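This report looks at how helices pass one another, at a pocket and at a salt bridge. Please keep the structure in view while reading.

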Amino acid sequence: MTEDNQVVQLTDRKRTLIFINLVVSGIASSSLATAMTTALPDLVEYFGVTTSIGQWVTSGYSLAMGMVMPLTAFLITRFPTKRLYMWGITCFIIGLLFSIFGGSFAVMMVGRVIQACGNGVLQAAAQVIILTVYPAEKKGTMMGTYGLAATAAPIIAPTAAGLLIDAFGWKSIFYVVMVIMAISLAISSVVFE
């Protein structure tokens, strides 16, 4: 990928690996936007907060992500795409660690905001990457496929989160996403140029 948004000459295999990585990390990060609604009763009880305060784990996430996405357009012009995308994944993982190991609701919220910042960067950067690595005749199809995956994940996430919570507890949501994002970070470091 280049900084000037020109189509990059890649093998079809490498292009496919990049796209799969974008979709998998997009699904994992997007699913946490809504998965926590299912965990709200457990969070309220765990941290001993009211429901109106507890709901900030989803509202605060959406607010922070909404603020970061427009900023990403500026960041893309200033930093190489690979570095920015990997920074987004790293930021997301750091936020997951805060949320898993935070002993208070305030630390959990810091983690959620950090996750949202990472997700905002990932979603915006993924679109730029797709537009950069695919030729004009495939851009629409690939953007549509990515969009479908990234928007379907938040719809399915509450149900999947409910199953995880019932079986393993609310923190299991973060553990599953952390494993996926760590693998995505490792793959990104190899396949992205």
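The axes of α4 and α7 come within 10 Å of each other and cross at roughly 155°. An angle over 145 degrees counts as roughly antiparallel, and α4 and α7 are therefore roughly antiparallel to each other. The crossing in which α4 passes α7 is left-handed. These values come from a predicted model.

Helix α4 covers residues 81-101 and helix α5 covers residues 105-133. Their axes come within 7 Å and cross at roughly 155°. That makes α4 roughly antiparallel to α5, because the angle is over 145 degrees. The contact of α4 with α5 is made up of 19 nonpolar residues, eight polar residues and one charged residue. As for the hand, α4 and α5 form a left-handed crossing.

Another pair is helix α1, residues 12-47, and helix α6, residues 136-168. The axes of α1 and α6 come within 6 Å, with a crossing angle of roughly 35°. This crossing of α1 and α6 is right-handed. In the contact of α1 with α6 there are 16 nonpolar residues, eight polar residues and one charged residue.

| Helix pair | Axes come within | Crossing angle |
|---|---|---|
| α4 and α7 | within 10 Å | roughly 155° |
| α4 and α5 | within 7 Å | roughly 155° |
| α1 and α6 | within 6 Å | roughly 35° |

**The largest pocket**

Rolling a probe the size of a water molecule over the atoms shows where empty space is left. The largest pocket holds about 190 Å³ of space.

In total, 15 residues line the largest pocket. Nearest its centre lie S31, A157, A160, L164 and V177. Sorted by class, the lining has 14 nonpolar residues, one polar residue and no charged residues.

**The salt bridge**

Side chains of opposite charge can pair when their charged atoms come close. How many salt bridges does the count come to? The count is one salt bridge. D12 forms a salt bridge with R15, and the closest N and O atoms are 3.1 Å apart. Both D12 and R15 lie in helix α1. D12 and R15 are three residues apart, which is about one turn of the helix.

Key
Residues are numbered from 1 along each chain as its sequence is written. This is a predicted model: local features need pLDDT of at least 70, side-chain atom pairs count only at pLDDT 80 or more; totals for chains, interfaces and linings use all residues. Side-chain values use heavy atoms; hydrogens and water are left out. Axes are lines fitted to C-alpha atoms, for helices over the stretch in contact, and angles run from 0 to 180 degrees between N-to-C directions. Helices (H or I, at least four residues) and strands (E, at least two) are DSSP runs, numbered from the N terminus. A crossing is left-handed if the near helix is turned anticlockwise from the far one by less than a right angle, and right-handed if clockwise. Ala, Val, Leu, Ile, Met, Phe, Trp, Tyr, Cys and Pro count as nonpolar, Asp, Glu, Lys and Arg as charged, and the others, Gly among them, as polar. On a 1 Å grid over the protein atoms alone, a cavity is a set of points where a 1.4 Å probe fits but cannot get out, and a pocket is an open set with protein on both sides within 12 Å along at least five of seven lines; lining residues have an atom within 4 Å of a point. Grid points are joined across faces, edges and corners, and a volume is the space filled by probe spheres set on the points. Angles under 35 degrees count as roughly parallel, over 145 as roughly antiparallel, 65 to 115 as roughly perpendicular and the rest as oblique. A salt bridge is a side-chain nitrogen of Lys or Arg within 4 Å of a carboxyl oxygen of Asp or Glu.
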